[in-house]
Amino acid sequence: MRQSITIFMEEHAWNIKKIIEHYYSRKNRIYFWGAGEIGTAFLQRFDPECYYIAGAIDMSTEKQGNLIASGHRVFSPDEAKADVIFVNGTTIEADVYRFYAMRGERRKVIELQDIFHGKSLEAIFKDVEIPYREVQKCR
């Protein structure tokens with residue numbers, strides 16, 4: 001994993017925590033798209049107790065159903081009942097939007113690079129309004 005991602009995560013930890021707290025307090029189900037190094041590092045850093053983030057979403061059937069090093073379960077995109085999805089990379093962000101749009105569904109997708117490049121919390125929060133939900137725990 002590129003060290004710069006973990007450095008950016010640390011530099012922007014306060015904002016990332018605020019975003020997670022905001023959506024968790026609204027009972028939204030939060031996931032990270034990708035169960036690789038970056039997803040695992042994100043989950044270990046921001047939810048080491050598997051409390052706020054329901055798990056990781058990954059297209060790899062070999063990863064689905066397993067626990068990753070953070071202790072979070074890996075779900076298929078169809079299995080995860082996601083309201084909010086963190087992603088790393090604009091290509092992935094577009095793929096996630098397209099995946100759910102093809103199903104006639106909307107998800108709040110938060111691109112880490114937007115946070116790293118200074119997008120305000122207000123702008124992040126108002127992009128897509130999502131409903132209150134029952135929280136799904138990661139295990």
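## Terms and model

The expected span of a helix is 1.5 Å times one less than its number of residues. Helices (H or I, at least four residues) and strands (E, at least two) are DSSP runs, numbered from the N terminus.

This is a predicted model, in which local features need pLDDT of at least 70 and side-chain atom pairs count only at pLDDT 80 or more, while totals for chains, interfaces and linings use all residues. Residues are numbered from 1 along each chain as its sequence is written, and side-chain values use heavy atoms, leaving out hydrogens and water.

## Overall layout

Let's start with the whole chain. The protein has six helices and five strands, which follow one another from the N terminus as α-α-β-α-β-β-β-α-β-α-α. Of its 139 residues, 49% are buried (under 20% relative accessible area; exposed is over 50%, and partly exposed lies in between, with a 1.4 Å probe and protein chains only).

## The sheet

Five strands form an open sheet with parallel pairing, in the order β3-β2-β1-β4-β5; two strands pair if DSSP finds at least two bridges between them. At the edges, β3 (74-75) and β5 (108-111) each pair on one side only. Strand β2 (residues 53-57) runs parallel to β3, joined by two bridges, and Val-74 of β3 is the bridge partner of Ala-56.

## Helix α4

Now for a closer look at one helix. The twelve residues of α4 (residues 90-101) should span 16 Å at 1.5 Å a residue, and the end C-alpha atoms agree, being 16 Å apart. Buried in α4 are Glu-93, Val-96, Phe-99 and Tyr-100. They cover an arc of only 125° around the axis (taken from the directions from the helix axis to the C-beta atoms), which puts them on the same side of α4.

These buried residues pack against β1 (30-33), β2, β4 (84-87), β5 and α5 (112-116), where contact means heavy atoms within 4.5 Å. Exposed Thr-90 and Thr-91 sit on the face of α4 turned away from its buried side.

## Salt bridges

The whole structure holds nine salt bridges (a side-chain nitrogen of Lys or Arg within 4 Å of a carboxyl oxygen of Asp or Glu). One of them joins Glu-10 and Arg-45, whose closest N and O atoms are 2.4 Å apart. Glu-10 lies in α1 (residues 3-11) and Arg-45 in α3 (residues 37-46), so the pair ties together parts 35 residues apart in sequence.

Another joins Arg-103 and Asp-78 (3.1 Å, N to O). This pair links distant parts of the chain, 25 residues apart: Arg-103 is in the loop between α4 and β5, and Asp-78 in the loop between β3 and β4. Arg-103 is partly exposed at 36% relative accessible area, whereas Asp-78 is exposed at 52%.
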